[in-house]
Structure formats: structure tokens, C-alpha cells
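Please look over the structure below with this note beside it.

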Amino acid sequence: MIVLYGKKGNVADAYRLFSEMHKKDMVSWSALISCYEQNQMHEQALIMFQQMKADGITLDEVVVISVLSACAHLLVVRTGKLIHSLAVKIGIESYVNLHNALIHMYSSCGEVEAAQKLFNGGCCLDLVSWNSMISGYLKCSEVEKAKALFDSMPEKDIVSWSAMISGYAQHDRFADTLALFQEMQLDGIKPDETTLVSVISACTHLAALDQGKWIHAYVRKNGLKINVILGTTLIDMYMKFGCVENALEVFHGMQEKGVSTWNALILGLAMNGSVDKSLDAFSEMKECGVLPNEISFMAVLGACRHMGLVDEGRQHFSSMIQEHKIEPNVKHYGCMVDLLGRAGLLKEAEELIENMPMAPDVSTWGALLGACKKYGDNEMGERVGRKLIELQPAHEGFHVLLSNIYASKGNWDGVLEVRGMMVQHGVVKTPGCSTIEANGTVHEFLAGDKTHPQIKDIENMLDEMAKKLKMEGYAPDTNVVSLDIDEEEKETSLFRHSEKLAIAFGLITINSPTPIRIMKNLRICNDCHTAAKLISRAFNREIVVRDRHRFHHFKQGSCSCLDYW
């Protein structure tokens, strides 16, 4: 009955039944300790274990494994070592299940050498032993050792593959994640939901939409259940590729939705320009009885920020504190500063920074500095910019923004001074980079790139784009080029921005009506934004650009952001 109560999560009833027992033996104690451990009450499991020992009850392998699991979750390696000594003393250390529990405990606590020693000295290793050691290496960021062990395994199960694939994804080795998943397919191993979550995440980071869609099709074809985590990951992937309809299809098809699912929907809709739908989803979430958390309010404040809804943003920020009793963190304040700054309320934004209950972070100051640049408040911008460079001399963004403020005033001495400071502090400006997927392959373009194998075709398309843009009345916005060079050189520089190169490549390789989807590492500049709108009309093509902050869906000469970004 104690075991049954534990499996059902009725810990209080399990303890009540245990307390009513007149005589308690090793099995009774073991059942209760396992009950606590299974229900994530790890500290209570250790307390009960100490009581069991104090009562002189004989210990067995089962109870020691439960206690070692509790030690692993609590990261209390010192207690784990004492349990290990106890296991040696009573002669059960060599039991394979206990051996595996010890490997897991040591590796979870970062003692990978102790885990490795146990693994190397094991005489009866099984699959769990190998999998525990691989997971241990990955937890301690020993990715190459984990892969070497994985490759040398006499046999692998789904746990082995899943551990290695997830490990690659967690360590940002996304290309390796997809390569190993393909190898797993060739080996005839069917992936589980955990593996697929890692692979979908890798597709998102690599801008590999076709492969992500293939994974989704695989899930449907094999009748795999789309649980909360898998569904949320799919929604996140589709939203980050600008495929809003696909994301909504996944969302509405999910039987169970967690707060993370709603957050992905709210944030994704806002990023893709559907701010009204995003705010409606937030209201619907609350109506469904799902309580918003810190991330929910980041999403809803972000929605307000994307469309300059200052009053709504203030209202949500207030309700977060007053109604939901959630203490705003530095990111919530940063979002409000950005919202106010984008709306031109620079003084209010600066006052909010000064009154924050914590020190503002880099992005909060950057939001204000960016707003100063946008609204031409060069006095505040110069003051904030210089202050920030003193605070963060190695931060690239502040130098660039201050340089741009000087350039907009034609103060080329100021620009050169900032560039001198960048050289002095070893700060390198991140080049614009755009990625585009075509026929299952991801192509990368840097600003001014001439290295692509199809560069001649791309340059011919750039010429055609230039002719059509001229017919559409396009005039290059040379103000965005912060260099003291002549206008013709500025126009040439503008036309080799990474997103324009990617658009040209997309027009060559991606057939209509498939949208041209581009991911950019920086915020899209005014000139590229104007050009993309006109190109979408001149070539009758849908162009989707995801920059550092949001999506821009260009269609027939207009953008989903309504020119507010």
C-alpha cells in the first residue's frame, strides 16, 4: 500500500500508513524512502534514511539506490561518498544496479573522475552503466569523451542514442546533432519524444526548416504522441521560421497545453507581427485557468513593444506586480525601457532605469541608446554611450551605436575616436550575416561576400534587382552607412548587405510560391527594409526576414511590422 500511494503521489497517506505500523522492517522503510525519492522529496528521503539507520534497521541494495538518487538530485556529493563507504562496508558495492547508481551520483555532482574509476573497475557492466557514464561526461562538458565511449559501446539502445543526441544539442553542436540523428535512422533505431525535441531544436538553430518539417511529418506518420514538450518545441520552431499557420495547427492539435506552450504561442505571434492575436492568446490563456509566469509577461510585454502599445504595456507591467504578485526581473524592466524608448518617451525610459530596484544590464542601456539614435537625441545618446563604454569597454554594440550617432551628425572625428577606442580595447564589430535554406542545404552570406560558388549568378540577380528597384522609385538610404566616403561608394556598400545577397540567391534558387526565408544575426537596417518591401512587389514574391529582434513578412510592397521595429 505504501508503494501504491507513492506511485500515485499520495505521500501524506503513505507516511500516515507507515506511522500506523506497529512493526517496521527493512521493506517498510525502503518503500517509504523510495516514495519520497520518486515524488522529488529528496531531502525528506535522506532524513528518513538517517532515522532508519538510527533505528538499527539492516540496509539493502534497494534503499541505498534510492538514497544515492536523492544525493544526485540534491548534488550533495559528500553525503553520497558516505553512502558509498557504507555500501562497501556492508559488501554490496559490486551489485550492478548499485554500481550504476554510484556512477550516476558522482557524474551528476561533477565528480566525473570518480565515476570513470568506478566504470573502469566494473566487472559486470550493463547498458545502464554505459549510458550513465555517457550522461556523466556530457553533464561535465566532456563531449569528446562521451562520443568516444558511445562509439565503443558493444550495443546501443534508444537511451544511448538519445543521451548523445541531446548532449550535442545542449552543447550547441547542432550540425553534429542532425548528423547523429541521421546515423540513428540508418541504424534502424526509432527515436522517442526526447530525441526528437533535441533534433527539432537543432533544426531551429541551423535554420533548417525542411528538415524540421520532415521531423514533424515523421511524428505524424509514426503516430507519436505530441506531448507538452514536443508540441512546444514544434511551435517554437515554426514561429522562428515565420510559419505561423503551421505553429497554430500544432497548438490547436495538442490535447494538453502547459504554460510553456502558451508562452511559445504568445511570443511567436508577437514576433511575427500578429500583436492583436498575441494579446488575445494571453487573455485566452488566463480564461483557460493557466496562470501566467515570468516568461508569459516577457512575451506579452514584447508584444506591446513590437507595436508601440505603451498604455497596454504599462497596464500589463502593473498587473504583473499587483494582480499576479510576480516580481519583475531585469529583463521585464529592459522590455519596458525598450517600449518607452521606441515610442520616443526617452525621458521616462531614463527615469525608469534610474529607479530600477536592481542594476540595469547591458541590453537595457542598449535599448535606451538605440532609442536615442532612432529619435536623434544626440545629446542623451552621447552621454549614455560614453558612460556605457566606460562601464563595458569590451561591448561591441555600444561602440557601434555611439559611432552611428556621431556619423548621423557628420562628426567623423567622433567616429574615428570611437573606432580608435574599439581597436584599443580589442573590440571587433560583428559582420552582418544572413542564412537561407535551399533544397535542404543552409547557405550563409556575410556583408560584402564574394565567396559563394554561385556568386556570378547572384551578382547578375543583384543587377536585375537594382533595375527593378529603380523602376519602383527606390533611392538608397546612404545615411545608414557610417563611413566618410562618397555617395556612390555608399550605394555599392549598401547593395552588398548580407540580406540583399541572400534575397538574390533566394530569387535564383527558390521557386514561387515558396516564400524566401532569411535569418539575420543583426537588426535589419532601414535601407534593406525598404528594398525588401519593393522587391516583394517587383518580383511578386513573399520574403520573410527574421532579424535579431523580430520577423518581417514582406508581401506586395508592405511589411508585417508596419515599419515599426
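1. Start with Arg-496. Arg-496 is buried, at a relative accessible area of 17%; buried means under 20% relative accessible area, exposed over 50%, and partly exposed in between, using a 1.4 Å probe and protein chains only. Salt bridges with shared partners link Asp-13, Arg-16 and Glu-20 into one network.

2. A word on the model. This is a predicted model, in which local features need pLDDT of at least 70 and side-chain atom pairs count only at pLDDT 80 or more, while totals for chains, interfaces and linings use all residues. Residues are numbered from 1 along each chain as its sequence is written, and side-chain values use heavy atoms, with hydrogens and water left out.

3. How many salt bridges does the structure hold? There are 18 salt bridges, each a side-chain nitrogen of Lys or Arg within 4 Å of a carboxyl oxygen of Asp or Glu. Side chains of opposite charge can pair when their charged atoms come close.

4. Which residue pairs with Glu-459 in a salt bridge? The partner is Arg-496, with the closest N and O atoms 3.3 Å apart. Glu-459 sits in helix H27 (residues 455–471), while Arg-496 is in the loop between helix H28 (487–494) and helix H29 (498–509), so the pair ties together parts 37 residues apart in sequence. Helices here are DSSP runs of H or I, at least four residues, and strands are runs of E, at least two, numbered from the N terminus. Glu-459 is partly exposed, at 28% relative accessible area.

5. Next, the pair Asp-13 and Arg-16. Their side chains form a salt bridge at 3.7 Å, N to O. Both lie in helix H2 (residues 11–20), three residues apart, about one turn of the helix. Asp-13 is partly exposed at 28% relative accessibility. Arg-16 is partly exposed too, at 37%.

6. Asp-151 and Lys-147 also meet in a salt bridge, at 2.8 Å, N to O. Why are they separated by about one helical turn? Because they are four residues apart in helix H10 (residues 143–151). Lys-147 is buried at 16% relative accessible area, whereas Asp-151 is partly exposed at 44%.

7. Residues 25–59 are 74% helix and 0% strand, with end C-alpha atoms 10 Å apart. Residues 126–156 are 71% helix and 0% strand, with end C-alpha atoms 11 Å apart.
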